[in-house]
Amino acid sequence: ISIGGVNVAISGWSDTYGYNDDIVVGAKLEKISDYYGYGVTNDDWETYYNPDHAIDNVNKVRGNITDYDFVLLSFDKAVTLTGTGFSWIADKNDTQVSVAALSNTSTLISGVNTWSDIVANALTTASFDIKNSGDSDYAANFTFKDTANYWLVGAYNTVFGNIGGHVGNDAFKLVDIGFSVSEASDMPNRTEVSEPATISILMASSLFVMWRRKKPS
């Protein structure tokens, strides 16, 4: 999908696969509706609690093992991710989002690595509180200075950055992203999920992504 001259693809990832439950593998990206936007479902999502296909960390299996859902945003130009917007969050008082910039996807797509392994090879990582927003129902503003082609955005995981929030109650539905490109100052800084299109990326998965251009906030 082209946004202001930048092409971006989105895919789902989670640590869910039988007894190797801490290993990160591909997960199903869910288009929930035009209003609610996108979520992720993983192999364990029905075994404990289902916040309606959200990107979450509430799926607990075999005791206290928690699955962390993430989306990967793949840009064809290096960008700085400035924020994300959400149509719905599970806990209005305590929901966090974790983010990482990756120089490449080799550690992510290997099928043998944990989130800790992926973070160890990331350019930068952090976690942020999600708050009420005028641009979408809820939003998180990021403070990154780094640029990257690959950005992971997902449910609060303290290995990305511990900001004191509770883990296990974080769930949300993604509707828009904000990013900047230094050589394209006239680009809109937010894009909202809206019109359907089909694309494929190097991970060999078909992705249904909807975007529309939105005025700068």
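What follows is a conversation about a predicted model of one protein chain.

Reader: Before we start, what are the ground rules for this model?

Author: This is a predicted model, where local features need pLDDT of at least 70 and side-chain atom pairs count only at pLDDT 80 or more, while totals for chains, interfaces and linings use all residues. Residues are numbered from 1 along each chain as its sequence is written, and side-chain values use heavy atoms, with hydrogens and water left out.

Reader: ok, so how many helices and strands are there?

Author: The chain has 2 helices and 16 strands, where helices (H or I, at least four residues) and strands (E, at least two) are DSSP runs numbered from the N terminus.

Reader: And how much of the chain is buried?

Author: Of the 217 residues in the chain, 56% are buried, and here buried means under 20% relative accessible area, exposed means over 50%, and partly exposed is in between (1.4 Å probe, protein chains only).

Reader: Which residues have the most contacts inside the largest nonpolar core?

Author: They are Phe75, Leu81, Phe86, Val97, Val99, Trp151 and Phe179, in a core of 34 residues. The largest share of this core, 7 residues, comes from β8. Apart from it lies another core, of 14 residues, which includes Trp13, Leu102, Trp115 and Val119. A nonpolar core is a set of buried Ala, Val, Leu, Ile, Met, Phe, Trp, Tyr and Cys residues joined through side-chain atoms within 4.5 Å.

Reader: Which strands does β14 pair with?

Author: Strand β14 (residues 171-180) pairs in the antiparallel sense with β8 over 8 bridges, and also in the antiparallel sense with β5 (residues 55-56) over 2 bridges; two strands pair if DSSP finds at least two bridges between them.

Reader: How many residues of β14 are buried, then?

Author: Strand β14 is mostly covered, with 9 of its 10 residues buried.

Reader: Why does Ser87 count as buried?

Author: Ser87 counts as buried because its relative accessible area is 8%.

Reader: And Val153, where is that one?

Author: Val153 is in strand β13 (residues 148-155), and it is buried, with a relative accessible area of 2%. Leaving aside neighbours within four places in sequence, Val153 is in contact with residues including Phe70, Leu81, Thr84 and Val97. Val153 and Gly83 are 70 residues apart in sequence, with their C-alpha atoms 9.9 Å apart in space.

Reader: Changing topic, how many salt bridges are there?

Author: A search of the whole structure finds 2 salt bridges, a salt bridge being a side-chain nitrogen of Lys or Arg within 4 Å of a carboxyl oxygen of Asp or Glu. Lys28 and Glu30 form one of them, at 3.7 Å from N to O, and Asp34 forms a salt bridge with Lys31, with the closest N and O atoms 3.0 Å apart.

Reader: Are Lys28 and Glu30 buried or exposed?

Author: Lys28 counts as exposed at 51% relative accessibility, whereas Glu30 is buried, with a relative accessible area of 14%.

Notes. Contact = heavy atoms within 4.5 Å.
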